[in-house]
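Subject: Structure handover

Hello,

Please find the structure below, with its sequence. My notes on side-chain contacts follow.

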Amino acid sequence: PYRELSHEVATAIERVTKEINPGDTEQEVAAALEAIHAERGIRTPVILVGGRDRLSMYQHVTPTTATIDSCVMISVTAERNGRHVSATRTVAFEESALRWLREYHTMAMRIEVTALDATREAARGDGTAADVFDAISEAYTALDKPEEWRHHHQGGATGFVTQEWITTPDNHEAIESPLAYAYNPTVQQARSEDTALLIDDTIEVISTTGNWPTQRVTSCRSSFGMDRHRVLD
């Protein structure tokens with residue numbers, strides 16, 4: 001059921017994102033996604049929609065009557081039967097937006113993969129959320145963005161609540177398996193986020209459809225790599 005829900009959520013967000021046109025309002029986009037989810041008995045307690053201007057000012061872009069311009073990012077947390085799924089997708093409509101988004105988004109993807117890599121490693125021992133945070137912080141530093149993590153929380157464990165816990169320097173919650181994790185690192189206006197299952201020490205991204213362009217990226221701490229959802233152009 002969790003994989004099925006995750007696939008449905010990813011399908012809905014990708015469908016709506018691909019149908020957006022510059023000039024649409026953020027609220028119209030959010031309403032379209034909520035309607036698709038409602039047809040499937042899915043609640044959407046969190047919908048973030050932002051164009052370039054608002055993404056440059058806010059990390060948490062709640063939908064307004066502002067219109068979409070050269071790019072758009074949609075982030076959702078959806079729920080059905082108590083299970084929660086989080087995912088983010090981004091589209092660039094203009095080459096000028098794509099250039100800087102691609103750079104920042106690649107960084108965000110690498111940090112997310114680093115977080116998943118650290119989660120996988122922590123599951124092999126007695127690792128904690130703080131260990132994962134340390135890996136995330138080190139990844140930001142390795143990418144020459146040492147203070148960027150301070151602008152938004154980095155996500156953490158999920159499942160039967162939106163966030164079982166958030167990874168922080170002083171969070172010593174044990175990394176458990178099996179359990180779902182959703183990290184959401186941000187770099188400037190870019191964010192990489194999906195829901196992944198940790199089973200034993202294997203990570204499986206489940207909020208995916210196979211119909212969105214991906215890019216292979218590697219962890220900042222090892223040769224571990226994963227395909228992540230890149231900016232659609």
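Threonine 88 is found in strand E3 (residues 83-92); helices (H or I, at least four residues) and strands (E, at least two) are DSSP runs, numbered from the N terminus. This is a predicted model, where local features need pLDDT of at least 70 and side-chain atom pairs count only at pLDDT 80 or more, while totals for chains, interfaces and linings use all residues. Residues are numbered from 1 along each chain as its sequence is written, and side-chain values use heavy atoms, with hydrogens and water left out.

Threonine 88

With a relative accessibility of 5%, threonine 88 counts as buried (buried is under 20% relative accessible area, exposed over 50%, partly exposed in between, with a 1.4 Å probe and protein chains only). Its side chain makes a polar contact with the side chain of serine 75 at 2.7 Å, and another with the side chain of glutamate 193 at 2.5 Å. A polar contact here is a pair of N or O atoms within 3.5 Å; within protein, one must be able to donate a hydrogen and the other to accept it, and residues adjacent in sequence count only if both atoms are side-chain atoms. Leaving out residues up to four places away in sequence, threonine 88 touches Ile13, Met73, Ile74, Ser75, Arg191 and Glu193 (contact means heavy atoms within 4.5 Å).

Aromatic pairs

There are 4 aromatic pairs in the structure. Rings of Phe, Tyr and Trp (its six-membered ring) pair if their centres lie within 6.5 Å; planes under 30 degrees apart count as stacked, over 60 as edge-to-face and the rest as tilted. One of the pairs is phenylalanine 133 with tryptophan 149, edge-to-face, at 5.0 Å centre to centre and 85 degrees between the planes. Phenylalanine 133 lies in helix H5 (residues 129-142) and tryptophan 149 in the loop between H5 and strand E4 (155-158), so this pair ties together parts 16 residues apart in sequence. Phenylalanine 133 is buried, at 6% relative accessibility.

Tryptophan 165 and tyrosine 181 also form an edge-to-face pair, 5.9 Å centre to centre with 65 degrees between the planes. This pair links distant parts of the chain, with tryptophan 165 in strand E5 (residues 165-166) and tyrosine 181 in strand E6 (residues 179-183), 16 residues apart. Both tryptophan 165 and tyrosine 181 are buried. Trp165 and Tyr181 belong with Tyr183 to one aromatic cluster.

Salt bridges

The structure holds 18 salt bridges, each being a side-chain nitrogen of Lys or Arg within 4 Å of a carboxyl oxygen of Asp or Glu. Among them is the one between arginine 54 and glutamate 26, at 2.6 Å from N to O. Arginine 54 lies in helix H3 (residues 52-55) and glutamate 26 in helix H2 (residues 26-39), so the pair ties together parts that are 28 residues apart in sequence. Arginine 54 and glutamate 26 are both buried.

Aspartate 233 meets arginine 102 in a salt bridge of 3.7 Å, N to O. Aspartate 233 is in the segment after strand E12 (225-229) and arginine 102 in helix H4 (residues 95-123), 131 residues apart. Aspartate 233 is exposed, at 54% relative accessibility, and arginine 102 is partly exposed, at 41%. Arginine 230 forms a salt bridge with aspartate 233 too, with the closest N and O atoms 3.7 Å apart; arginine 230 is partly exposed, at 28%. Salt bridges that share partners also join Glu14, Arg89, Glu112, Asp194 and Arg228 into one network.

Regards
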